[in-house]
Amino acid sequence: MATIKILGKNIEINEPTRINELIEDNNKEFIVATVNHRLRELSYKFLYDAEVELIGLDNTEAISVYHSSLRFVIAMAFHNLYPHMKIKFKYSLSRSIFCYITNDDTVNIPKILEEVQEEMKQIIESDLPFERLTYSREDALKFYEDKGYTDKANLLEYRPEKTVHFYKCGEYMNYMHSYMVYSTGYLTKFNLMPYDIGFIIQYPR
C-alpha cells in the first residue's frame, strides 16, 4: 500500500497506478506531473509513497511536452495521408514551429494543410494513447533505414546510449526525445498556417 498526496488530498493505492488514473473526471487540463519533484508523464505507473504535483500549460516544461506531442501528431497525419512525403521541423518562429516538405516542392500547401488539419482533428477526437517503447540502438537504426529516414539514422549513429525510446500511437511509431502527453485528446489547441515554402504550427504559450 502507498499514500499519494495529490491536489490537496491523500489517496491510498494498493497496486501500481498510473498518474492519470489519480485525476478525477479524466481532466485533460494537466499535461505532465512531478512525482517527488521528478518530472513524469501521466502514463507513469508507480506504487510508493509520493507527493504528486500536476502541471498544466502555465508551465514551460508542460509547453515543451505539448508541442513535442503536437509534432508527433502532425507527422502521423502526414504519414496517414501522404506517406511518400517527408517533413522537417526546422526551428521556432515567434513561438511557433516552422515545418516544410523536403522531397516535393510542387505541392499546394494550403490544400495539404486543410486535409492534414482535418486528419489531426480525427486523430485527436479518437483520444489515442501514446505508448512508450524501448528499442536497441541497432534496431532503431534499422527502423529508420528501412523507412528511408537517413537524417534520423545519422543522428542515432552518434547516440551514446545503447537504447532508444520510441512512441507508438495507433499504428504509427516514431522517435521523440521529449516526454509526451498521455493521449492525443490533450492536443486540442493548435493552428497551422502556410508560411513561405512550408507552414508554421502555433501552439499554446
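1. Strands β13 (residues 191–195) and β14 (residues 198–202) run antiparallel to each other and pair over five bridges. Two strands count as paired if DSSP finds at least two bridges between them. Helices (H or I, at least four residues) and strands (E, at least two) are DSSP runs, numbered from the N terminus.

2. A word on the model itself: it is predicted, so local features need pLDDT of at least 70 and side-chain atom pairs count only at pLDDT 80 or more, while totals for chains, interfaces and linings use all residues. Residues are numbered from 1 along each chain as its sequence is written, and side-chain values use heavy atoms, leaving out hydrogens and water.

3. Back to the hairpin: two residues lie between β13 and β14, and aspartate 196 in the turn has a positive phi of about 55 degrees. Asparagine 191 has glutamine 202 of β14 as its bridge partner.

4. Have a look at β7 (residues 50–55), which pairs in the parallel sense with β1 (residues 2–6) over three bridges. Here isoleucine 6 is bridged to valine 52 in β7. Strand β4 (residues 32–35) also pairs with β7, in the antiparallel sense over four bridges, and valine 32 stands opposite isoleucine 55 in β7.

5. Which residues of helix α3 (residues 137–147) are buried? They are Ala140, Leu141, Phe143 and Tyr144. They share one side of α3 because they cover an arc of only 160 degrees around the axis, taken from the directions from the helix axis to the C-beta atoms. Buried means under 20% relative accessible area, exposed over 50%, and partly exposed in between (1.4 Å probe, protein chains only).

6. On the face of α3 turned away from its buried side sit the exposed residues Glu138 and Asp146. Just after α3, glycine 148 takes a positive phi of about 80 degrees.
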